[in-house]
Amino acid sequence: MGRTAPKGAACICTLGCAKNEVDSQKMADSLRAAGYAVIDQPEEADAIIVNTCSFIQAATEESIEAVLEALALPGVDAGQSAVIVAGCMPARYGDELADALGEPAAFVPCAGEADIAERVDEALAQLPHRCSHDAVAEAAEGAGAPFAYVKISDGCDRFCSYCTIPFIRGRYHSFPYEDIAADVQRAVDSGACEVILIAQDTGRWGEDLGEGRTLAWLLGTLAERFPDTWLRVMYLQPDGVTDELLDTIAAHGNIADYLDIPLQHVDADILHAMNRGGSLAAFEQLAAHARERVPGITLRTTLIAGFPGETEEQADELARFAASGCFDYVGVFPYSQEEGTRAAGMDGQLDEEEKAYRAQRVQDAADAAGAAAVAERIGSAQQVLVEGCEEDGQLYGRTMQQAPEVDGITFVDAGSPGAVVRAVIEDTLLYDMEGSALDA
């Protein structure tokens with residue numbers, strides 16, 4: 001019996017963070033289940049879904065540009081294809097967005113993405129000159145990726161004064177274990193050797209489920225259920241770093257000795273203005289305790305420079321912290337004045353040039369310390385998950401000390417994509433490493 005022809009072809013263009021990538025994958029799964037082919041070429045699609053990011057103004061501008069580019073495609077202009085704007089922008093701006101961008105066929109906020117197939121059905125039914133493209137049903141299945149992101153919760157209740165997430169994603173809610181385990185299973189079945197657990201606030205997982213389960217329980221349970229899969233936790237707020245979690249990480253060889261803990265600043269007064277807790281001393285103690293509980297653990301953080309009212313002395317303190325090597329990897333961002341947040345109306349706003357200068361200064365300090373820390377790994381033996389090869393055939397991958405897309409890569413001289421090889425680190429360049437495989 002021949003394959004049933006698809007109802008049409010849909011292309012999903014994703015902007016923003018890994019959490020949006022997870023949402024796009026969910027939408028792709030829903031579309032395939034409804035009979036659509038999901039392809040990578042927007043010019044050949046009946047429906048072009050732009051999954052937008054609106055966390056900061058720059059992300060919003062990039063998303064608007066992507067929508068306008070989609071609207072300019074010949075098929076859209078001819079009434080043969082439809083553009084659907086999904087994700088954070090519709091969630092944040094609502095009717096205002098529809099007034100500003102009247103041309104898209106539909107606006108689907110984050111909370112409505114589960115119904116994406118129905119919204120595509122409705123949009124395509126309204127096309128004046130629908131002419132289905134010659135789509136291939138097997139296209140863009142997403143199989144074979146060496147790593148995958150799995151979202152364990154959505155929303156946030158912290159209401160940091162600079163952040164738009166609670167207004168975009170809503171209040172915090174954990175996803176049930178059964179759903180998370182099913183997502184991990186699908187990722188593994190598709191070829192993922194590593195699964196990264198993500199959310200806006202991973203440390204709070206389980207507290208709203210009424211079952212006494214915690215992130216540590218979730219991580220340990222998944223590690224035992226998927227013993228051949230690397231597991232990693234990202235976006236963990238400082239108060240989520242519990243002894244239970246650290247002991248769980250230490251007890252399982254397939255859980256990366258790695259934590260991503262966004263601090264945002266280290267000055268207590270700035271943190272208070274951000275509606276966050278903590279201090280320089282508290283964060284130094286947190287890092288030391290994590291390293292004592294899990295020897296060799298790798299720590300990543302993010303910092304915001306140029307927050308309203310930040311003095312030169314507070315900026316100096318942030319730069320000194322970045323230079324201290326307390327955290328192995330540090331990402332630094334200039335403060336973005338976001339409409340609708342409390343911080344946007346605070347006194348002491350700095351100009352864009354000064355914010356960029358301060359952020360670069362902190363990043364330079366962090367990079368100097370980070371490069372030195374990475375260089376200390378020369379001579380050590382590391383497990384490397386091979387991800388692919390460059391045009392010249394050079395294989396590359398990551399160790400457990402490197403999260404995807406942010407911490408550099410490791411070049412190796414043997415292996416194949418999807419394999420884990422043991423290699424001795426022989427050289428480093430900033431955050432990248434070069435290793436010689438011991439298993440060759």
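Me: In which helix is the place of Q185?

Reply: Q185 belongs to helix α8, which comprises residues 177-189. The model is a predicted one.

Me: Why is Q185 called partly exposed?

Reply: Partly exposed covers the range between the buried limit of 20% and the exposed limit of 50%. Q185 has a relative accessibility of 29%, so Q185 falls in that range. Between Q185 and V195, which are 10 residues apart in sequence, the C-alpha to C-alpha distance is 9.8 Å.

Me: Are F147 and Y149 buried or exposed, and how do you know?

Reply: The limit for a buried residue is under 20% relative accessible area. F147 is at 18% and therefore counts as buried. Y149, at 14%, is buried as well.

Me: Why is the pair of W205 and W217 called stacked?

Reply: Stacked requires planes under 30 degrees apart. The planes of W205 and W217 are at 5 degrees and the ring centres are 6.2 Å apart, so this pair is stacked. W205 lies in the loop between β9 (194-198) and α9 (215-225), while W217 is in helix α9, so the pair ties together parts 12 residues apart in sequence.

Me: How do you know whether W205 and W217 are buried or partly exposed?

Reply: The value for W205 is 1%, so W205 counts as buried. The value for W217 is 30%, and W217 is therefore partly exposed.

Me: Which residues does W205 contact, leaving aside neighbours within four places in sequence?

Reply: The contacts of W205 include I152, Y172, S174, F175, Y177 and I180. Also among them are R213, T214, L215, W217 and L218. As for L385, 180 residues away along the chain, its C-alpha atom is separated from that of W205 by 28 Å.

Me: Which residues of α9 are buried, and what covers them?

Reply: The buried residues of α9 are L215, A216, L218, L219, G220, L222 and A223. Their cover includes α8, β9, β10 (230-233), α10 and β11 (255-260).

Me: What makes K19 a charge over the ring of Y235?

Reply: The distance limit is 6 Å from NZ of Lys or CZ of Arg to the ring centre, together with an angle within 35 degrees of the ring normal. K19 lies over the face of Y235, at 3.7 Å from the ring centre. R204 is likewise placed over the face of Y172, at 4.6 Å from the ring centre.

Me: Which residues are linked into a cluster by ring pairs?

Reply: The cluster consists of Y162, F307 and Y335.

Me: How do helices α10 and α12 cross, and which residues make the contact?

Reply: The axes of α10 (residues 243-251) and α12 (residues 280-293) come within 9 Å and cross at roughly 40 degrees. This crossing is right-handed. From α10 the contact involves D243, L246, D247 and A250, and from α12 H289, A290 and R293. By class, three of these residues are nonpolar, one is polar and three are charged.

Me: What is the angle between helices α1 and α6, and which residues are in contact?

Reply: Helix α1 (residues 18-33) packs on helix α6 (residues 116-125) at about 60 degrees, with the axes 8 Å apart. M27, S30 and L31 of α1 meet I116, A117 and V120 of α6. The contact has five nonpolar residues, one polar residue and no charged residues.

Me: What makes F159 and L430 partly exposed?

Reply: The range runs between 20% and 50%. F159 has 31% relative accessibility, so F159 counts as partly exposed. L430 has 44% and is therefore partly exposed too.

Technical notes
Residues are numbered from 1 along each chain as its sequence is written. This is a predicted model: local features need pLDDT of at least 70, side-chain atom pairs count only at pLDDT 80 or more; totals for chains, interfaces and linings use all residues. Side-chain values use heavy atoms; hydrogens and water are left out. Buried means under 20% relative accessible area, exposed over 50%, partly exposed in between (1.4 Å probe, protein chains only). Rings of Phe, Tyr and Trp (its six-membered ring) pair if their centres lie within 6.5 Å; planes under 30 degrees apart count as stacked, over 60 as edge-to-face and the rest as tilted. Helices (H or I, at least four residues) and strands (E, at least two) are DSSP runs, numbered from the N terminus. Axes are lines fitted to C-alpha atoms, for helices over the stretch in contact, and angles run from 0 to 180 degrees between N-to-C directions. A crossing is left-handed if the near helix is turned anticlockwise from the far one by less than a right angle, and right-handed if clockwise. Contact means heavy atoms within 4.5 Å. Ala, Val, Leu, Ile, Met, Phe, Trp, Tyr, Cys and Pro count as nonpolar, Asp, Glu, Lys and Arg as charged, and the others, Gly among them, as polar.
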